[in-house]
Every structure is written in structure tokens, then in C-alpha cells.
Amino acid sequence: MSLLEMKHIKKSFDGLEVLKDISLTVEEGEVLAIIGPSGSGKSTLLRCATNLEKEDAGEIRYEGQFGLVFQNFNLFPHYSVLKNITDAPIRVQKRKKDEVYAEARELLKKMGLQDKEEAYPCQLSGGQQQRVSIARALAMNPKILFFDEPTSALDPELTGEILKVIKDLAAEHMTMVIVTHEMNFAKNVADHIIFMDKGVIAEQGTPEEVFGSDNARMQEFLGKLNND
């Protein structure tokens, strides 16, 4: 079953066309990775998919609720870890407090943060904050989870712990759309990869198809990464 369909999405900023007729489908249980150079439109595509930006043209259809994990965590600094996770399910979804707190503690355990529920964001490392933000998104019981470059604000040594969390979610068949610059991660975790360039999907397919593509732009992109 398709959980997300985007058809003929277009988006411009100040006359500059950032998304040019993008269409994609995400199936239940699928992990879609979106890769491409800076300025290719991948983050704008994600922002349109999650209603943070309004597309100029096209149609977006969802099946169920989605969650979003930002690259800069976006935790409430004056809330404890536990309150950051439980606030929206209680206030927005009107769920029972006992049930939400029990679920939040399970999520913290899953993230290896069971001893941090009373801590505040400023007392956590970047990797711990990002794990809290993933737990917060999961606490809303989304059908699909979006990640906007979830490791870009982290030191390299903290990147691995976040990628492991996402890998574990993939193993549980969580449906995910991940904008990432971690090529090995995309290759190992994604079922489907979209390579964006200049506002269009320049290449897409399985990891084997995309990374083995003879598309000149794809090869140039990978070559630059390998030379960095």
C-alpha cells in the first residue's frame, strides 16, 4: 500500500524553479533515501512533503500520519526529555497520560536513554538530542517518518549512533524517507534511492541500480564525494 504519493510537484522561490515536476511514491515498509548535491532541491522536496512549504503545483496524498526529525533537533529547551516526548501525544492527540508516559519510557529505553528522562536538552550531547527527537517523532505513532539530513549537525563520531537507530527502525519495517549525504548508509539501508540534481530526479532505483548507474551526472557526484 502506498503511504505517500507526490504527483507533479513544482516549487519556486523568487522566480527560481527549485522543484521541476517531481513525482514519487513511498510504499508501506519502504525506506526511500534522497541524495544529491547542495541546492538540488532535496530538502525543499521534504519540506513540501511535510507541509512546511506549500507546493506551487501538484498533488500530495498521505495514508495516515507522518513524523519529522529535523537536522537541528528542534527540542524545547525548557522541557525535560520526557516532557519533550510526551507533550504532543497528550495535548494534540488527547491520549491518556499513563499510556503515553509508558510508551515514552519504552522509546527512551530503545534509544539507550532510559536514564535521561529528567535531563534537559542542554545537558545532552548532539547525538543524544537527536535520539530524543527521533523518540519524540515516534511517540506520535506515525505511519511514515521523515528525516532531513539527521546527522549533518553532528560530529562524525556521533553520526554512527544515529545511523544505527535508523537502521534498527528499518529492520522493524518502519516506513521512512531520508534526505542524507551519507552514501554508504543510503546504499546499505534504503530500498529505493532518488538522486536529485537541479530540481529534477536525475536517477532513481535500487541502491545497486543508482550507484551502478552510468548517468554522467551521478558519476560526477559520486566522484566528487570520493575525492573529498
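**Domain layout and overall build of a predicted model**

The protein is divided into domain 1 (2-64 + 143-226) and domain 2 (77-141). These bounds come from an automatic or database domain assignment. The contact between the two takes 12 residues from domain 1 and 11 residues from domain 2, where contact means heavy atoms within 4.5 Å. Taken over C-alpha atoms, the centres of domain 1 and domain 2 are separated by 26 Å.

The model is predicted: local features need pLDDT of at least 70, side-chain atom pairs count only at pLDDT 80 or more, and totals for chains, interfaces and linings use all residues. Residues are numbered from 1 along each chain as its sequence is written, and side-chain values use heavy atoms, with hydrogens and water left out.

The protein has 8 helices and 9 strands. Both are DSSP runs numbered from the N terminus (helices: H or I, at least four residues; strands: E, at least two). The C-alpha atoms fill a box of roughly 55 × 40 × 35 Å along the principal axes. Among contacts between residues at least 6 apart in sequence, 67% join residues at least 24 apart.

Of the 228 residues, 51% count as buried. Buried means under 20% relative accessible area, exposed over 50%, and partly exposed in between (1.4 Å probe, protein chains only). The protein exposes about 11,200 Å², and carbon and sulfur atoms supply 47% of it. Areas come from the Shrake-Rupley method with a 1.4 Å probe.

The protein carries 27 positive and 36 negative side chains. Lys and Arg count as positive, Asp and Glu as negative; His and the chain ends are not counted. The centres of the two sets lie 5 Å apart, with each charge placed at NZ of Lys, CZ of Arg, CG of Asp or CD of Glu.

Backbone angles were also examined. Most residues other than glycine have a negative phi. E149 has a positive phi, near 45°. E149 sits in the loop between strand 6 (144-148) and helix 5 (156-171). E149 counts as buried because its relative accessibility is 15%. K198 also has a positive phi, near 55°. The loop between strand 8 (192-197) and strand 9 (200-205) holds K198. At 62% relative accessibility, K198 counts as exposed.
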